[in-house]
Amino acid sequence: MLTDAFGRTVDYLRISVTDRCDLRCTYCLPKGFKGFAVPQDWLTIEEIGRVAAAFARLGTKRFRLTGGEPLLRKGLTDLVAGINRQSGVEDISLTTNGTQLHKHAHALRQAGVRRLNISLDSLRRDCVQSITGTDCLPQVLEGIKAVKAEGFERIKINMVPLQGINDRDLDDMVAFCIEHGFILNLIEAMPMGETGQAQAKVSLQPVLADLQRRFDLVPFEGKIGGGPARYWQSRSGGFTLGLITPMSQHFCATCNRVRLSATGNIHLCLGQEDKVALRPMLREGCTDAELEQTIRDAVMKKPEKHEFVENPKKIIRVMALTGG
C-alpha cells in the first residue's frame, strides 16, 4: 500500500483524461480562458493505462476518471476496461457534466464504470445556462435518464451552491434526487484560479442544519464511495445527502487520494503546488520498477493539508488543469 509521510494510506487515484470541457462553469474556468494544454502534451490512453496499472500494483483500489469533461476523450472506454482488468481494483467511477452521457451510457457500463457523479447545479434552464455558459440542461437530463436506465450501482448529483445564483434551488434538487433515487452531493466552492477566488463562498454548515431539521437527516454510518464526502440519510431511507466541505470543515487528516493530470503530473493536494511529472520518464522509456518508485516517492511528498482558508490567493491554476 502507498503511505505518505503522515501515515495516511493513499488508495484512490483521480485521473484527468483531458483538460478540455464543452462548458465554461463560472467556478471552474475564467471567461475567455485559452490556457489549455496542446493534445500532444496529454498522456496517451496507453500511457494513462500504464500509470493506472502501476498504482494498482501498489495497492490503489479506487479510480475515478475526470476532466475537464472526460467523455470528450476518445478511447475512454478502452481505458476503463484496461483498469478494470487490473488485480485488486474494486471501484471505477466517473465524474461528468452530463452533456455527452446519452451517447456513452451503455458503453461505460459495459466497460466497467460502476458509479457516476453528474454535475448539475440547478433544474432551472436559465440558471444552468448562466453558470455553464451553455443552454445544456435538456441534454444533461437526457443523459441522466439514459444512465438511470442502464442500472449503474450509484448515481450522485454534484451541486455547487453559489450565493445569490442557485442557492434557492436546493429544495428542487432534493426533490429531484428523492424522485429518482440519487444521492445529492453538495460541494463548497474552492478558491482555485482567478474565477474560483472571485466566487462568493457558501458555507454548507448552516445548509446542513436546515436540511437535517426539515428532512430528519441522521449521519450515515455505512461507506459510500472512497472520496471525502460525509453522508446523512433521512430516517425513512428515502434521501441521502453528501457534503464535501474543504472550506468550512476540511478533511485533510483522512485524505486518501492524489490526482493525475491530463499532462502527466501527479498533483498531491488541490490546495498546494506540489506535483511530480511522469510524462518525461514515460516517454524516455522508464521501466515499471522506476515508475513505481517514482510514485512511491511522490506520495511521500504529499502535504499535510491545504491552505484554502489561510491563503486563498495561493492556487492560481484553474480546476480544469488540475483534474476534478
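Before I list partners, I note that two strands count as paired if DSSP finds at least two bridges between them. I also keep in mind that this is a predicted model.

Entry one, strand S11. I looked up the bridge partner of Tyr 231 and found that in S11 it is Gly 242. Strand S10 (residues 230-234) pairs with S11 in the antiparallel sense, over four bridges. In the hairpin of S10 and S11 five residues lie between the strands, and Gly 237 takes a positive phi near 85 degrees there. I then turned to strand S8 (residues 183-187), which runs parallel to S11 and is joined to it by four bridges; here Ile 187 has Ile 244 of S11 as its bridge partner.

Within H3 (residues 101-111) I found Leu 101, Ala 105, Leu 108 and Ala 111 buried. Seen down the axis of H3, these buried residues fall within an arc of 150 degrees, so they line one face of the helix. The face turned away from that buried side carries Lys 103 and Gln 110, which are exposed. When I asked what covers the buried residues of H3, the list included helix H2 (76-84), strand S5 (91-96), strand S6 (115-119) and helix H5 (137-150). Just after H3, I noted that Gly 112 takes a positive phi of about 125 degrees.

Key
Residues are numbered from 1 along each chain as its sequence is written. This is a predicted model: local features need pLDDT of at least 70, side-chain atom pairs count only at pLDDT 80 or more; totals for chains, interfaces and linings use all residues. Side-chain values use heavy atoms; hydrogens and water are left out. Buried means under 20% relative accessible area, exposed over 50%, partly exposed in between (1.4 Å probe, protein chains only). Helices (H or I, at least four residues) and strands (E, at least two) are DSSP runs, numbered from the N terminus. The arc is that of the directions from the helix axis to the C-beta atoms. Contact means heavy atoms within 4.5 Å.
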